[in-house]
Amino acid sequence: NKQVYKVIDLDKMDDTSTKILNLYSSDNQLYENVVSSEAAINLMNDESLLIVVDTQTPKIIMNKGLLAKSKKTIVIDHHRVGDEGFDTVFSIVEPSSSSTIEILMEMIDFYNDKKNEITQLEANIMYGGLVLDTNSFTVRTNTRTFEVAFKLRELGADPNLVKSWLRKDLNRTLSINKLLSNGNLYLDRFMLLSSSDEQID
C-alpha cells in the first residue's frame, strides 16, 4: 500500500519506446503515476525505494542524480555484472535468464497478488521486451523463456502487434544502409562504421 511512481525521461528514450508511448499517449493506465527523473528526485526522501530494472551498470542509468540520492536501491536484471556494480540493499541478477521480463514474470507468479493484474497493453510491452532480448526467440532461450511467453500470450499479448512495433521504419533502414555502405573491414572479422551524425540505438 505504498505510493509508486514510474520514472520516464521521454527525451532519453530510444525510438521504438518513444513510438509505443506516443501510440498510447491517451492510455491513462500506462501513464498513471509517471514522473520525470527531476520530479522523482524532488519526491524522494531517505525512506524511498528505487527499483532499477534491466540495467547492469550505473554508467548507463537514465539519471545519475536520482541514483545518487537513493538511500535504498534494488536491482532486477539479467545481464552479467560488470566491474562497476550498484550499491543495493537487495538485488536479483540472473544472467541465466534470457530477459529481465522472465525474472519479473516469475516474481509476479510467486507473489500471486490479484491486485497486481497485468493489462493487455503491459503484456504486449513485456512480450516485446522478451522478443528483443531473445532476437525473436532464437538466442539465449530455455524452457523458462517459452513458459513466460505462453503466460504473456494468455494475458493478451499479440505477437503481430509487437512485430509491427519493432519493425524498423524506412528512414531508420536507410540510415543503417548508409552506415554499412561506408564501413571498413578490419582483420576480416570486424566492420568499423563512422558517422558525423548522432546514432541512437
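**A walk through the sheet and its surroundings**

Val52 stands opposite Val75 in β4, where a strand is a DSSP run of E with at least two residues, a helix is a run of H or I with at least four residues, and both are numbered from the N terminus. The model is a predicted one, in which local features need pLDDT of at least 70 and side-chain atom pairs count only at pLDDT 80 or more, while totals for chains, interfaces and linings use all residues. Residues are numbered from 1 along each chain as its sequence is written, and side-chain values use heavy atoms, with hydrogens and water left out.

β3 and β4 are paired in the parallel sense over five bridges, and two strands are said to pair if DSSP finds at least two bridges between them. Leu49, for example, has Lys72 in β4 as its bridge partner. On the other pairing, four bridges join β4, which covers residues 72-77, to β5, and these two strands also run parallel; here Asp77 has Val93 in β5 as its bridge partner.

Taken together, three strands in the order β3-β4-β5 form an open sheet with parallel pairing. Because β3 (49-53) and β5 (90-93) stand at the edges, each with a single partner strand, one side of each is left without a neighbour in the sheet. From one strand to the next, the twist averages 15°. Helix α5, residues 100-111, packs on the sheet and touches β3, β4 and β5, and its direction makes about 110° with that of β4; such angles run from 0 to 180 degrees between N-to-C directions, with axes fitted to C-alpha atoms, for helices over the stretch in contact, and contact means heavy atoms within 4.5 Å.

β3, by comparison, has a covered face with Leu50 and Val52, and an uncovered one with Leu49, Ile51 and Val53.

Stepping back to the chain, its secondary structure comes to nine helices and seven strands, and the C-alpha trace spans about 55 × 40 × 35 Å along its principal axes. Of the 201 residues in the chain, 28% are buried. Among the contacts with a separation of 6 or more, 58% are between residues 24 or more positions apart.

How values were computed. Buried < 20%, exposed > 50% of the residue type's maximum accessible area, 1.4 Å probe, protein only.
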